[in-house]
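Please keep the sequence and the model in view while reading.

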Amino acid sequence: MKKKHLIYACYAISVIIAIFASWNIVSLLSLLKENANEITKEFITLFSITSGVILIGFSMASLISNVRKGLVFIRRNQKILLYYGIAITVLSIIAYIGTPLYSESLASIAANLLSIFGIFLLFFAIIFKIGIEMQEEQNLTI
């Protein structure tokens with residue numbers, strides 16, 4: 001019974017992420033409309049952050065789908081965490097192009113949070129790899 005509540009909570013978080021990403025896309029389009037002649041640093045930053053948020057939503061949806069099937073410690077989940085972690089970390093580095101590193105702007109804070117989340121995904125990918133190896137070793141033990 002508790003698993004269903006966790007799955008519903010993950011779905012709710014995914015919906016919130018989708019709403020946030022949609023709001024950012026609208027902001028990007030208005031920024032593009034205002035500055036049609038040049039691509040600004042703000043556009044690059046907002047595009048990177050929005051892409052990162054969308055990738056977070058996709059990674060959560062993929063993991064939730066696998067967990068619902070009862071597939072937790074499998075290589076596919078480890079690869080999902082690894083690839084999305086790398087992509088989000090790279091997008092956060094690109095987001096730093098438009099913002100100073102120690103700025104108090106909202107874009108800088110979002111870029112920092114995005115990089116932290118990407119690093120956490122990489123960390124969890126390593127944990128999943130260790131868990132997979134332990135599970136394989138346990139399966140071989142009679």
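I127 is found in helix α4, where helices are DSSP runs of H or I with at least four residues, numbered from the N terminus. The model is predicted: local features need pLDDT of at least 70 and side-chain atom pairs pLDDT 80 or more, while totals for chains, interfaces and linings use all residues. Residues are numbered from 1 along each chain as its sequence is written, and side-chain values use heavy atoms, without hydrogens or water.

I127 counts as partly exposed because its relative accessibility is 35%; buried means under 20% relative accessible area, exposed over 50%, and partly exposed in between (1.4 Å probe, protein chains only). I127 also belongs to a nonpolar surface patch of about 650 Å², together with I109, L113, I116, F120, F123 and F124. Such a patch takes residues with over 30% relative accessible area and no salt bridge, and joins nonpolar side chains (Val, Leu, Ile, Met, Phe, Trp, Tyr) within 5 Å. A salt bridge here is a side-chain nitrogen of Lys or Arg within 4 Å of a carboxyl oxygen of Asp or Glu. The areas come from the Shrake-Rupley method with a 1.4 Å probe.

F120, F123 and F124 of this patch form one aromatic cluster. Rings of Phe, Tyr and Trp (its six-membered ring) pair if their centres lie within 6.5 Å; planes under 30 degrees apart count as stacked, over 60 as edge-to-face and the rest as tilted. By this rule there are 3 aromatic pairs. In one of them, F73 and F128 have ring centres 5.0 Å apart and planes at 40°, so the pair is tilted. F73 lies in the loop between α2 and α3 (75–95) and F128 in helix α4, so this pair ties together parts 55 residues apart in sequence.

| Residue | Relative accessible area | Class |
|---|---|---|
| F73 | 38% | partly exposed |
| F128 | 17% | buried |
| L114 | 5% | buried |
| N66 | 4% | buried |

L114 is placed in helix α4 (residues 106–140). Leaving out residues up to four places away in sequence, L114 touches S48, I49, G52, V53, I56, I88 and S92, contact meaning heavy atoms within 4.5 Å. L91 is 23 residues from L114 in sequence and 8.2 Å away in space, C-alpha to C-alpha.

N66 sits in helix α2 (residues 41–68). With residues up to four places away in sequence not counted, N66 touches L71, I74, R76, N77 and I80.

Definitions and conventions: Helices (H or I, at least four residues) and strands (E, at least two) are DSSP runs, numbered from the N terminus. Patches are made of residues with over 30% relative accessible area and no salt bridge: like charges are joined within 9 Å, nonpolar side chains (Val, Leu, Ile, Met, Phe, Trp, Tyr) within 5 Å.
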